[in-house]
Amino acid sequence: MAAEKIVYLNGAYLPIEQATVSVLDRGFLFGDGIYEVIPVFGINPLRVDEHLQRLHNSLSRISLDNPLTNAAWKQVFAELLAKNPGNDRAIYLQITRGPHQVRDLKIQLEKCPTIFMMVLQVGAVNISELEKGIETVTIDDFRWHACDIKSISLVANVMLREQATQSGVVDAVLVRDGYVTEGTASNFFMVKNGVLITPPTSRHLLPGITRDLVIELAQENGIECEIRPIAESELAAADEIWLTSSTREIAPVIRLNCRDVADAKAGPVWKKMINIYQQYKQVLRQAQ
Ligand code: PDD
(Lines give C-alpha, C1' and ligand atoms only; values in the text may rest on other atoms or scores of the structure.)
Protein backbone atom coordinates (compact mmCIF):
# COMPACT_ATOMS: atom_id res chain seq x y z
CA MET A 1 0.00 0.00 0.00
CA ALA A 2 1.28 3.49 -0.84
CA ALA A 3 2.40 5.48 2.19
CA GLU A 4 -0.11 8.05 3.36
CA LYS A 5 0.77 11.50 2.15
CA ILE A 6 1.13 14.00 4.97
CA VAL A 7 0.89 17.69 4.13
CA TYR A 8 1.31 20.86 6.19
CA LEU A 9 -1.57 23.29 6.44
CA ASN A 10 -1.53 26.31 8.76
CA GLY A 11 0.57 24.68 11.46
CA ALA A 12 -0.97 21.20 11.29
CA TYR A 13 0.35 18.00 9.71
CA LEU A 14 -2.55 16.17 8.06
CA PRO A 15 -3.28 13.37 5.58
CA ILE A 16 -3.74 15.14 2.23
CA GLU A 17 -7.44 14.11 2.04
CA GLN A 18 -8.14 16.04 5.26
CA ALA A 19 -6.38 19.25 4.18
CA THR A 20 -9.03 21.70 2.98
CA VAL A 21 -9.17 25.47 2.47
CA SER A 22 -12.05 27.92 2.25
CA VAL A 23 -13.65 28.74 -1.11
CA LEU A 24 -13.24 32.38 -0.02
CA ASP A 25 -9.46 31.99 0.03
CA ARG A 26 -7.94 34.79 -2.06
CA GLY A 27 -5.56 32.27 -3.55
CA PHE A 28 -8.60 30.47 -4.99
CA LEU A 29 -10.56 33.61 -5.95
CA PHE A 30 -7.72 35.86 -7.20
CA GLY A 31 -4.55 33.77 -7.45
CA ASP A 32 -3.42 36.11 -4.65
CA GLY A 33 -0.39 34.24 -3.38
CA ILE A 34 3.13 33.04 -4.03
CA TYR A 35 4.96 29.70 -4.02
CA GLU A 36 8.31 27.95 -3.99
CA VAL A 37 9.55 24.59 -5.24
CA ILE A 38 12.62 23.41 -3.33
CA PRO A 39 14.45 20.27 -4.52
CA VAL A 40 15.59 17.88 -1.78
CA PHE A 41 18.45 15.39 -2.08
CA GLY A 42 18.71 12.86 0.76
CA ILE A 43 17.49 14.90 3.69
CA ASN A 44 18.92 18.16 2.41
CA PRO A 45 17.00 20.87 0.58
CA LEU A 46 19.07 22.43 -2.23
CA ARG A 47 20.06 26.05 -1.61
CA VAL A 48 17.50 26.45 1.13
CA ASP A 49 18.66 29.93 2.16
CA GLU A 50 18.39 31.18 -1.43
CA HIS A 51 14.88 29.68 -1.77
CA LEU A 52 13.86 31.32 1.52
CA GLN A 53 15.27 34.65 0.34
CA ARG A 54 13.26 34.41 -2.90
CA LEU A 55 10.17 33.47 -0.87
CA HIS A 56 10.76 36.57 1.25
CA ASN A 57 11.18 38.75 -1.87
CA SER A 58 7.97 37.40 -3.45
CA LEU A 59 6.04 38.02 -0.21
CA SER A 60 7.33 41.54 0.15
CA ARG A 61 6.52 42.32 -3.52
CA ILE A 62 2.85 41.45 -2.83
CA SER A 63 2.78 43.15 0.62
CA LEU A 64 2.38 39.97 2.61
CA ASP A 65 4.33 39.44 5.84
CA ASN A 66 6.61 36.44 6.05
CA PRO A 67 4.69 34.28 8.57
CA LEU A 68 7.74 32.35 9.83
CA THR A 69 11.42 32.95 10.52
CA ASN A 70 13.97 31.10 8.39
CA ALA A 71 14.78 28.85 11.35
CA ALA A 72 11.09 28.00 11.77
CA TRP A 73 10.69 27.29 8.04
CA LYS A 74 13.66 24.92 8.14
CA GLN A 75 12.20 23.11 11.13
CA VAL A 76 8.87 22.62 9.33
CA PHE A 77 10.69 21.40 6.19
CA ALA A 78 12.61 18.82 8.25
CA GLU A 79 9.46 17.62 10.01
CA LEU A 80 7.46 17.35 6.79
CA LEU A 81 10.30 15.51 5.03
CA ALA A 82 10.54 13.07 7.95
CA LYS A 83 6.81 12.37 7.59
CA ASN A 84 7.19 11.77 3.82
CA PRO A 85 10.34 9.64 3.49
CA GLY A 86 12.05 9.19 0.14
CA ASN A 87 15.24 9.96 -1.76
CA ASP A 88 15.04 12.72 -4.37
CA ARG A 89 12.03 14.83 -3.44
CA ALA A 90 10.85 18.44 -3.64
CA ILE A 91 9.02 20.66 -1.18
CA TYR A 92 6.09 22.58 -2.69
CA LEU A 93 5.27 25.59 -0.52
CA GLN A 94 2.42 28.01 -1.15
CA ILE A 95 1.28 31.05 0.83
CA THR A 96 -1.90 32.91 -0.06
CA ARG A 97 -3.48 35.97 1.53
CA GLY A 98 -6.08 33.62 2.96
CA PRO A 99 -9.87 33.86 3.21
CA HIS A 100 -11.52 37.26 3.55
CA GLN A 101 -15.25 37.60 4.24
CA VAL A 102 -15.91 39.93 1.30
CA ARG A 103 -14.82 39.31 -2.27
CA ASP A 104 -12.96 42.56 -2.81
CA LEU A 105 -9.59 43.23 -4.41
CA LYS A 106 -8.76 45.64 -1.59
CA ILE A 107 -6.44 44.04 0.95
CA GLN A 108 -8.26 43.83 4.30
CA LEU A 109 -6.57 44.57 7.58
CA GLU A 110 -7.30 41.09 8.94
CA LYS A 111 -4.31 38.84 8.41
CA CYS A 112 -4.96 35.14 8.01
CA PRO A 113 -2.59 33.75 5.37
CA THR A 114 -3.02 30.19 4.22
CA ILE A 115 0.25 28.27 4.43
CA PHE A 116 0.34 24.99 2.56
CA MET A 117 3.19 22.57 1.97
CA MET A 118 3.52 19.14 0.43
CA VAL A 119 6.35 16.83 -0.57
CA LEU A 120 6.60 15.85 -4.24
CA GLN A 121 8.27 12.50 -4.91
CA VAL A 122 10.17 13.51 -8.04
CA GLY A 123 12.62 10.63 -8.57
CA ALA A 124 16.19 10.99 -9.80
CA VAL A 125 16.67 12.70 -13.16
CA ASN A 126 17.61 10.14 -15.84
CA ILE A 127 20.66 11.64 -17.55
CA SER A 128 20.47 9.53 -20.73
CA GLU A 129 16.81 10.58 -21.16
CA LEU A 130 17.72 14.21 -20.46
CA GLU A 131 20.55 14.01 -22.99
CA LYS A 132 18.09 13.24 -25.79
CA GLY A 133 17.11 16.89 -25.54
CA ILE A 134 13.84 18.72 -26.10
CA GLU A 135 12.21 20.57 -28.94
CA THR A 136 10.87 24.11 -28.45
CA VAL A 137 9.43 27.06 -30.34
CA THR A 138 9.74 30.80 -29.68
CA ILE A 139 6.54 32.44 -28.45
CA ASP A 140 5.76 36.08 -27.70
CA ASP A 141 6.03 36.62 -23.94
CA PHE A 142 2.81 38.48 -23.20
CA ARG A 143 3.06 38.14 -19.40
CA TRP A 144 3.03 41.06 -16.97
CA HIS A 145 5.91 43.24 -15.72
CA ALA A 146 6.18 41.29 -12.45
CA CYS A 147 7.63 37.94 -13.55
CA ASP A 148 10.24 38.18 -10.76
CA ILE A 149 7.46 37.27 -8.29
CA LYS A 150 6.94 33.51 -7.97
CA SER A 151 3.21 34.07 -8.18
CA ILE A 152 0.61 31.30 -8.05
CA SER A 153 -1.27 33.23 -10.79
CA LEU A 154 0.10 31.00 -13.55
CA VAL A 155 -2.66 31.21 -16.15
CA ALA A 156 -0.41 33.09 -18.61
CA ASN A 157 2.28 30.41 -18.24
CA VAL A 158 -0.39 27.73 -18.74
CA MET A 159 -1.55 29.47 -21.95
CA LEU A 160 2.03 29.75 -23.24
CA ARG A 161 2.75 26.09 -22.46
CA GLU A 162 -0.47 25.12 -24.23
CA GLN A 163 0.61 27.14 -27.28
CA ALA A 164 3.86 25.12 -27.29
CA THR A 165 1.90 21.85 -26.92
CA GLN A 166 -0.37 22.83 -29.82
CA SER A 167 2.79 23.40 -31.88
CA GLY A 168 3.80 19.80 -31.08
CA VAL A 169 6.75 20.64 -28.81
CA VAL A 170 7.35 20.38 -25.07
CA ASP A 171 8.14 23.97 -24.15
CA ALA A 172 8.60 27.52 -25.40
CA VAL A 173 11.44 30.01 -25.43
CA LEU A 174 9.70 33.26 -24.55
CA VAL A 175 10.62 36.46 -26.37
CA ARG A 176 9.64 39.99 -25.32
CA ASP A 177 10.35 42.95 -27.60
CA GLY A 178 12.94 40.96 -29.57
CA TYR A 179 14.81 39.64 -26.50
CA VAL A 180 14.70 36.22 -24.83
CA THR A 181 13.26 36.19 -21.32
CA GLU A 182 12.92 32.55 -20.12
CA GLY A 183 10.95 29.29 -20.61
CA THR A 184 7.37 28.79 -19.41
CA ALA A 185 8.71 27.35 -16.12
CA SER A 186 12.47 27.56 -16.55
CA ASN A 187 15.39 29.93 -17.24
CA PHE A 188 17.26 30.27 -20.51
CA PHE A 189 20.95 29.72 -21.33
CA MET A 190 22.78 29.83 -24.65
CA VAL A 191 26.34 28.74 -25.51
CA LYS A 192 28.23 30.59 -28.25
CA ASN A 193 31.93 29.94 -28.96
CA GLY A 194 32.34 28.21 -25.59
CA VAL A 195 30.82 31.13 -23.63
CA LEU A 196 27.72 30.48 -21.52
CA ILE A 197 25.25 33.36 -21.82
CA THR A 198 22.04 34.08 -19.90
CA PRO A 199 19.80 37.17 -19.71
CA PRO A 200 20.08 39.43 -16.63
CA THR A 201 17.40 39.26 -13.97
CA SER A 202 14.64 41.83 -14.31
CA ARG A 203 10.89 42.11 -13.79
CA HIS A 204 10.53 39.99 -16.95
CA LEU A 205 11.90 36.72 -15.62
CA LEU A 206 12.07 34.68 -12.44
CA PRO A 207 15.46 34.73 -10.70
CA GLY A 208 15.90 30.95 -10.81
CA ILE A 209 17.84 29.24 -8.07
CA THR A 210 19.09 26.67 -10.61
CA ARG A 211 20.15 29.58 -12.87
CA ASP A 212 22.28 31.08 -10.11
CA LEU A 213 23.76 27.69 -9.25
CA VAL A 214 24.63 26.98 -12.90
CA ILE A 215 26.34 30.39 -13.20
CA GLU A 216 28.27 29.76 -10.00
CA LEU A 217 29.34 26.23 -11.00
CA ALA A 218 30.36 27.48 -14.46
CA GLN A 219 32.56 30.18 -12.94
CA GLU A 220 34.14 27.71 -10.49
CA ASN A 221 34.88 25.24 -13.27
CA GLY A 222 36.44 27.46 -15.90
CA ILE A 223 33.41 27.95 -18.14
CA GLU A 224 33.27 31.58 -19.21
CA CYS A 225 29.92 33.09 -18.35
CA GLU A 226 28.29 36.27 -19.62
CA ILE A 227 25.11 37.83 -18.26
CA ARG A 228 23.62 40.05 -20.95
CA PRO A 229 20.43 40.49 -23.00
CA ILE A 230 20.07 37.86 -25.76
CA ALA A 231 18.41 39.01 -28.98
CA GLU A 232 16.02 36.60 -30.67
CA SER A 233 18.12 37.02 -33.82
CA GLU A 234 21.07 35.33 -32.06
CA LEU A 235 19.21 32.07 -31.49
CA ALA A 236 19.64 30.63 -34.99
CA ALA A 237 23.44 30.68 -34.58
CA ALA A 238 23.55 29.29 -31.01
CA ASP A 239 25.93 26.36 -30.41
CA GLU A 240 23.82 25.13 -27.46
CA ILE A 241 20.59 26.15 -25.76
CA TRP A 242 19.50 24.98 -22.29
CA LEU A 243 16.44 25.45 -20.09
CA THR A 244 17.05 25.19 -16.33
CA SER A 245 14.75 24.68 -13.34
CA SER A 246 14.52 22.86 -10.03
CA THR A 247 12.50 20.04 -11.56
CA ARG A 248 13.96 19.94 -15.09
CA GLU A 249 17.54 20.63 -13.90
CA ILE A 250 19.47 21.44 -17.12
CA ALA A 251 17.60 20.43 -20.29
CA PRO A 252 19.36 20.75 -23.64
CA VAL A 253 17.18 22.20 -26.41
CA ILE A 254 18.09 20.37 -29.62
CA ARG A 255 15.48 21.86 -31.97
CA LEU A 256 14.00 25.34 -32.07
CA ASN A 257 11.27 26.49 -34.46
CA CYS A 258 11.58 23.24 -36.50
CA ARG A 259 15.32 23.77 -37.03
CA ASP A 260 18.23 21.93 -35.43
CA VAL A 261 20.23 23.72 -32.76
CA ALA A 262 23.81 23.12 -34.05
CA ASP A 263 23.90 19.36 -34.79
CA ALA A 264 20.73 18.63 -32.79
CA LYS A 265 22.66 16.88 -29.99
CA ALA A 266 23.32 17.84 -26.38
CA GLY A 267 26.57 19.81 -26.66
CA PRO A 268 29.98 19.53 -24.94
CA VAL A 269 29.41 22.43 -22.53
CA TRP A 270 26.10 20.86 -21.42
CA LYS A 271 27.89 17.51 -20.86
CA LYS A 272 30.49 19.19 -18.69
CA MET A 273 27.89 21.16 -16.74
CA ILE A 274 25.49 18.26 -16.15
CA ASN A 275 28.35 16.20 -14.67
CA ILE A 276 29.32 19.06 -12.36
CA TYR A 277 25.66 19.46 -11.37
CA GLN A 278 25.23 15.74 -10.65
CA GLN A 279 28.34 15.81 -8.44
CA TYR A 280 26.96 18.80 -6.57
CA LYS A 281 23.71 16.90 -5.91
CA GLN A 282 25.60 13.77 -4.85
CA VAL A 283 27.49 15.71 -2.17
CA LEU A 284 24.14 17.03 -0.90
CA ARG A 285 22.63 13.50 -0.87
CA GLN A 286 25.48 12.21 1.26
CA ALA A 287 25.54 15.09 3.76
CA GLN A 288 23.91 14.33 7.14
N1 PDD B 1 9.34 26.74 -11.81
N2 PDD B 1 11.10 30.68 -14.52
C3 PDD B 1 9.85 30.29 -14.24
C4 PDD B 1 8.71 31.04 -14.86
C5 PDD B 1 9.63 29.21 -13.38
O6 PDD B 1 8.36 28.84 -13.08
C7 PDD B 1 10.74 28.51 -12.82
C8 PDD B 1 10.58 27.35 -11.89
C9 PDD B 1 12.03 28.95 -13.16
C10 PDD B 1 13.26 28.27 -12.60
O11 PDD B 1 13.42 28.55 -11.22
P12 PDD B 1 14.16 27.50 -10.27
O13 PDD B 1 15.48 27.23 -10.88
O14 PDD B 1 14.29 28.21 -8.98
O15 PDD B 1 13.32 26.26 -10.20
C16 PDD B 1 12.17 30.04 -14.01
C17 PDD B 1 9.07 25.69 -10.86
C18 PDD B 1 10.02 24.55 -10.90
C19 PDD B 1 7.62 25.28 -10.97
O20 PDD B 1 6.82 26.15 -11.24
O21 PDD B 1 7.29 24.12 -10.75
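1. In this predicted model, the domain assignment divides the chain into domain 1, covering residues 6–121, and domain 2, covering residues 127–286.

2. On the side of domain 1, 26 residues make contact with 24 residues of domain 2. The area buried between domain 1 and domain 2 comes to about 2000 Å², with 60% of it on carbon and sulfur atoms. Within domain 1, the residues that lose the most area to domain 2 are Arg 47, Arg 54 and Arg 61, which together account for 34% of what that side buries.

3. Across the interface of domain 1 and domain 2, three salt bridges are found, while the count of residue pairs in polar contact between domain 1 and domain 2, with both residues at pLDDT 80 or more, is 10.

4. As for secondary structure, the side of domain 1 that touches domain 2 draws at least two residues from each of α1 (26–30), β3 (33–41), β4 (44–45), α2 (48–61) and β5 (89–96). The element that gives the most to this side is β3, with seven residues.

5. Sorted by class, the side of domain 1 that touches domain 2 consists of 10 nonpolar, nine polar and seven charged residues.

Conventions: Residues are numbered from 1 along each chain as its sequence is written. This is a predicted model: local features need pLDDT of at least 70, side-chain atom pairs count only at pLDDT 80 or more; totals for chains, interfaces and linings use all residues. Side-chain values use heavy atoms; hydrogens and water are left out. Domain bounds come from an automatic or database domain assignment. Contact means heavy atoms within 4.5 Å. Buried area is the accessible area (1.4 Å probe) that two parts lose on being put together, summed over both. A salt bridge is a side-chain nitrogen of Lys or Arg within 4 Å of a carboxyl oxygen of Asp or Glu. A polar contact is a pair of N or O atoms within 3.5 Å; within protein, one must be able to donate a hydrogen and the other to accept it, and residues adjacent in sequence count only if both atoms are side-chain atoms. Helices (H or I, at least four residues) and strands (E, at least two) are DSSP runs, numbered from the N terminus. Ala, Val, Leu, Ile, Met, Phe, Trp, Tyr, Cys and Pro count as nonpolar, Asp, Glu, Lys and Arg as charged, and the others, Gly among them, as polar.
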